[in-house]
Amino acid sequence: MLIAGFPAGAWGTNCYLVAPAAGEECVIIDPGHQATEGVADTVRKHGLKPVAVILSHGHLDHVASVVPVCGAHDVPAWIHPADRYMMSDPEKGLGRSIGTPLMDGITVGEPSDVRVLTDGAALRLAGLDFTVAHAPGHTKGSVTFGLPEAAGGADIPPVLFSGDLLFAGSVGRTDLPGGDHAEMLASLARVCLPLDDSTVVLSGHGPQTTIGRERATNPYLREVAAGLGGGQDAAPRRGM
């Protein structure tokens, strides 16, 4: 399995291209601010053919390039319906606190083909089987994408594309519109805790980690696992 990722734009949002191997079809995850050139470079470097864009949530730093990327490759975008409005009105998802300068050079709107993600859905894309888990807390429509061990062969562990749910050492912020601390804790418990320790976590920002490492060291995940339900001030939160 090929996973090629790069941090894009002003917020360093991780964009991933996932394929069974070089020279095959691929899925693009979270083409955010200024990701268009990075996507094109990665496609050329590995000889890939994009077939879909899938979005972990609707914040601008994750969807700002979805229109040009989908248009360049004539592919659909998948997003949870609770976050779809942010594609056309990104400032609404940010509480309209950042203002007009954020919009410079960004194409606002939906691509021509938008499809709906649902909890528990199995997406067969580019020869890979992604499992979708609804994980509200950062936004109402946040989701994660899982790839089982078999997707990459016996020697490759399972992978979780966690969006802004779980980071190395932290979790997504919950102070923007649609954010909810209790929902974040519930999503961590339901989506992350059951996963095997070997699961590789590729998040929306920052370095990769594993479920085992986060179970042992992440203050939010540790408190959820202990059933304490706290952790608001345990560590700085991340994401837009």
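Modeller: Before we start, a word on classes: Ala, Val, Leu, Ile, Met, Phe, Trp, Tyr, Cys and Pro count as nonpolar, Asp, Glu, Lys and Arg as charged, and the others, Gly among them, as polar. And keep in mind that this model is predicted.

Colleague: Okay. What is the volume of the largest pocket?

Modeller: The general idea first: rolling a probe the size of a water molecule over the atoms shows where empty space is left. Here, the largest pocket comes out at about 200 Å³. It is lined by 16 residues, and T131, A133, G146, L160 and L195 are the closest to its centre.

Colleague: How many residues of each class are in that lining?

Modeller: Nine are nonpolar, five are polar and two are charged.

Colleague: Which helices and strands supply at least two residues of the lining?

Modeller: Look at strands β8 (128-134), β9 (143-147) and β10 (159-163), plus helix α5 (181-192).

Colleague: Let's take β10. Are its residues buried or exposed?

Modeller: Buried means under 20% relative accessible area. In β10, five of the five residues are buried, so the strand is largely enclosed by the rest of the structure. V159, F161 and G163 point one way, L160 and S162 the other, and both sets are buried.

Colleague: And which strands is β10 joined to by bridges?

Modeller: β9 is one: it runs antiparallel to β10, with three bridges between them. There, G146 has L160 as its bridge partner. Strand β13 (residues 200-203) runs parallel to β10, and four bridges join the two. On that side, V201 of β13 stands opposite L160.

Technical notes: Residues are numbered from 1 along each chain as its sequence is written. This is a predicted model: local features need pLDDT of at least 70, side-chain atom pairs count only at pLDDT 80 or more; totals for chains, interfaces and linings use all residues. Side-chain values use heavy atoms; hydrogens and water are left out. On a 1 Å grid over the protein atoms alone, a cavity is a set of points where a 1.4 Å probe fits but cannot get out, and a pocket is an open set with protein on both sides within 12 Å along at least five of seven lines; lining residues have an atom within 4 Å of a point. Grid points are joined across faces, edges and corners, and a volume is the space filled by probe spheres set on the points. Buried means under 20% relative accessible area, exposed over 50%, partly exposed in between (1.4 Å probe, protein chains only). Two strands pair if DSSP finds at least two bridges between them.
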